Amino acid sequence: MTQAESLLTPIDYDAVIADKGYDADPLRELLAAQQVEVVIPSRSYRRQPRDYDRIRYRERNIVERFINKLKWCRRISTRYDKLARRYIAFLHFASTLIWLKRNVNET
């Protein structure tokens with residue numbers, strides 16, 4: 001949460017999707033000033049829960065689960081490759097394997 005503002009400033013975006021840990025008034029005010037859609041569920045202690053796009057938030061979970069599957073590849077999680085070109089190539093390879101495993105077994 002302490003680095004959220006510095007991470008969001010150099011990027012052009014339409015929406016910010018985050019978990020409850022990022023539900024803070026200063027971050028919401030910053031995003032509202034930039035006219036960015038905020039897709040962050042309210043923490044349980046808020047008296048007035050704020051609305052958010054539940055469908056977009058659900059899609060965030062799909063991305064998180066995919067990244068978790070990528071972390072199972074030791075070569076990706078520890079970043080053994082020194083060259084960025086090789087790292088991204090193996091990232092593509094691992095992503096393809098995950099996609100094949102999911103889609104080939106379903107048919």
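This is a predicted model: local features need pLDDT of at least 70, side-chain atom pairs count only at pLDDT 80 or more; totals for chains, interfaces and linings use all residues.
View 1. Residues are numbered from 1 along each chain as its sequence is written, and side-chain values use heavy atoms, with hydrogens and water left out. A pocket here is an open set of points on a 1 Å grid over the protein atoms alone, where a 1.4 Å probe fits and protein lies on both sides within 12 Å along at least five of seven lines; lining residues have an atom within 4 Å of a point. Its volume is the space filled by probe spheres set on the points, which are joined across faces, edges and corners. To find the lining of the largest pocket, look for Ile62, Arg65, Phe66, Lys69, Ser95, Ile98, Trp99, Arg102 and Asn103. Helices H3 and H5 (84-106) each supply at least two of the lining residues, and H5 gives the most, with five. Helices (H or I, at least four residues) and strands (E, at least two) are DSSP runs, numbered from the N terminus. By class, this lining holds four nonpolar, two polar and three charged residues. For these classes, Ala, Val, Leu, Ile, Met, Phe, Trp, Tyr, Cys and Pro count as nonpolar, Asp, Glu, Lys and Arg as charged, and the others, Gly among them, as polar.

**View 2. The second largest pocket has a volume of about 170 Å³.** Around this pocket you will meet Met1, Gln3, Ala4, Leu7, Leu8, Val16, Ile17, Ala18, Tyr22, Leu27 and Ile40. Helix H1 (4-8) and strand E1 each bring at least two residues to the lining, with H1 giving the most, three residues. The lining of the second largest pocket has 10 nonpolar residues, one polar residue and no charged ones.

**View 3. Helix H3 spans residues 54-71.** From its first C-alpha to its last, this helix of 18 residues reaches 26 Å, close to the 26 Å expected at 1.5 Å a residue. The expected span is 1.5 Å times one less than the number of residues. At the start of H3, a side-chain oxygen of Asp53 comes to within 3.3 Å of the backbone nitrogen of Ile55. Such a polar contact is a pair of N or O atoms within 3.5 Å; within protein, one must be able to donate a hydrogen and the other to accept it, and residues adjacent in sequence count only if both atoms are side-chain atoms.

**View 4. Asp19 and Arg60 form a salt bridge.** The closest N and O atoms of this pair are 4.0 Å apart. Asp19 lies in the loop between strand E1 (15-17) and helix H2 (25-33) and Arg60 in helix H3, so the pair ties together parts that are 41 residues apart in sequence. A salt bridge is a side-chain nitrogen of Lys or Arg within 4 Å of a carboxyl oxygen of Asp or Glu, and by this rule the model has eight. Asp19 is partly exposed at 30% relative accessibility, whereas Arg60 is buried at 15%. Buried means under 20% relative accessible area, exposed over 50%, and partly exposed in between (1.4 Å probe, protein chains only).

**View 5. Asp25 and Arg46 meet in a salt bridge of 2.9 Å, N to O.** Asp25 sits in helix H2 and Arg46 in the loop between strand E2 (37-39) and H3, so this pair ties together parts that are 21 residues apart in sequence. Asp25 is partly exposed at 35%, while Arg46 is buried at 18%. Another salt bridge pairs Arg75 with Asp81, their closest N and O atoms being 3.1 Å apart. Salt bridges that share partners also join Asp23, Asp25, Arg28, Arg46 and Arg50 into one network.

**View 6. Arg28 belongs to helix H2.** Arg28 is buried, with a relative accessible area of 9%, and its side chain reaches the backbone oxygen of Ile40 at 2.6 Å.

**View 7. Gln35 is found in the loop between H2 and E2.** Phi of Gln35 is near 55°, a positive value in a residue other than glycine, and Gln35 is exposed at 72% relative accessible area.
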